[in-house]
Amino acid sequence: MSSEKGKESGEGSSSRSATQPSRYESQKRRDWNTFGQYLKNQRPPVPLSHCTFNHVLDFLRYLDQFGKTKVHLQGCGFFGQPEPPGPCTCPLRQAWGSLDALIGRLRAAYEENGGLPESNPFASGAIRVYLREVRDSQAKARGIPYKKKKKKRNPMKNAADEAAASSFPMQSS
């Protein structure tokens, strides 16, 4: 009897997840709608078909005003200090990681909404350059260099590969 109950609750949760979008999908839809609204509010309004990487860059700069990350300016006494001892008047900005994730979601949403990959303004090299500059400037302002995470190697897989390679000696021609 308890096994049937488990099956029923398992079925209910799987059907619920099929009807509710994932957190990522929900956020992507919200971001897409926000960007669409931003374009409509431009004077004159910009149709999505005329959207360029410049509109995307303007949107990212516009979002900075809602940021929560303190980014010290070069003239600030706390510039380059990871944990400043007191408050300052430096601006709050969007964190690089948030912008990077946002661009990833908008890039996917653009293509899901009928945009062609080769004309995707979110995939432009100018956007990647902008994000790199934001990342580097924020890392400098905090005094913590950005280090790309290295992929972890699977020691079990490497040992298995080496074992397989040694059991099959190469033939000389």
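**Review note: packing of the helices**

1. The cover over the buried residues of α2 includes α3 and α4. Those buried residues are S26, K28, D31, W32, F35, Y38 and L39. Buried means under 20% relative accessible area, exposed means over 50%, and partly exposed is in between, with a 1.4 Å probe and protein chains only. Covering and touching both rest on contact, which is heavy atoms within 4.5 Å.

2. Basis of the note. This is a predicted model: local features need pLDDT of at least 70, side-chain atom pairs count only at pLDDT 80 or more, and totals for chains, interfaces and linings use all residues. Residues are numbered from 1 along each chain as its sequence is written, and side-chain values use heavy atoms, with hydrogens and water left out.

3. Overall layout. The protein chain holds six helices and two strands. Their order from the N terminus is α-α-α-β-β-α-α-α. Helices (H or I, at least four residues) and strands (E, at least two) are DSSP runs, numbered from the N terminus. The chain has 173 residues, of which 25% count as buried. Among contacts with a separation of 6 or more, 60% join residues 24 or more positions apart.

4. Helix lengths. α2 has 18 residues and reaches 26 Å from first to last C-alpha, close to the 26 Å expected at 1.5 Å a residue. The expected span is 1.5 Å times one less than the number of residues.

5. Which side of α5 faces inward? The buried residues of α5 are I127, Y130, L131, V134, Q138, A139 and A141. They lie on the same side of α5, because they cover an arc of only 165° around the axis. The arc is taken from the directions from the helix axis to the C-beta atoms. An α-helix has 3.6 residues a turn, so residues three or four places apart point the same way. The buried residues of α5 pack against α3 (53–63), β2 (92–93) and α4 (96–112). On the face turned away from the buried side, E133 and K140 are exposed.

6. Ends of α5. S124 caps the N-terminal end: one of its side-chain oxygens is 3.1 Å from the backbone nitrogen of A126. For a polar contact, two N or O atoms must be within 3.5 Å; within protein, one must be able to donate a hydrogen and the other to accept it, and residues adjacent in sequence count only if both atoms are side-chain atoms. Just after α5, G143 has a positive phi of about 75°.

7. Two glutamines in contact. Q94 sits in the loop between β2 and α4. Q94 counts as buried because its relative accessibility is 17%. A polar atom of its side chain lies 3.0 Å from the backbone oxygen of L63. Neighbours within four places aside, Q94 is in contact with L63, D64, F66, G67, L99 and Q138. Q138 belongs to helix α5 and is buried, at a relative accessible area of 11%. With the same exclusion of neighbours within four places, Q138 contacts V71, R93, Q94, A95 and W96.

8. The main core. The largest nonpolar core has 22 residues, and F35, V56, F59, I103, L106 and F122 have the most contacts inside it. At least two core residues come from each of α2 (23–40), α3, α4 and α5. α4 gives the largest share, six residues. Such a core is a set of buried Ala, Val, Leu, Ile, Met, Phe, Trp, Tyr and Cys residues joined through side-chain atoms within 4.5 Å. Take F59: residues up to four places away aside, F59 touches T34, F35, Y38, L102 and L106.

9. Aromatic rings. The whole structure has ten aromatic pairs. Y110 and F122 make one that is edge-to-face, with centres 6.1 Å apart and planes at 65°. Twelve residues separate Y110 in helix α4 from F122 in the loop between α4 and α5. Rings of Phe, Tyr and Trp (its six-membered ring) pair if their centres lie within 6.5 Å; planes under 30 degrees apart count as stacked, over 60 as edge-to-face and the rest as tilted. Y110 is buried at 10% relative accessible area, and F122 is buried at 2%. One aromatic cluster takes in W32, F35, Y38, F59, Y62, F66, Y110 and F122.

10. A backbone point to check by eye. The R43 to P44 peptide bond is cis, with omega near -5°. P44 lies in the loop between α2 and α3.
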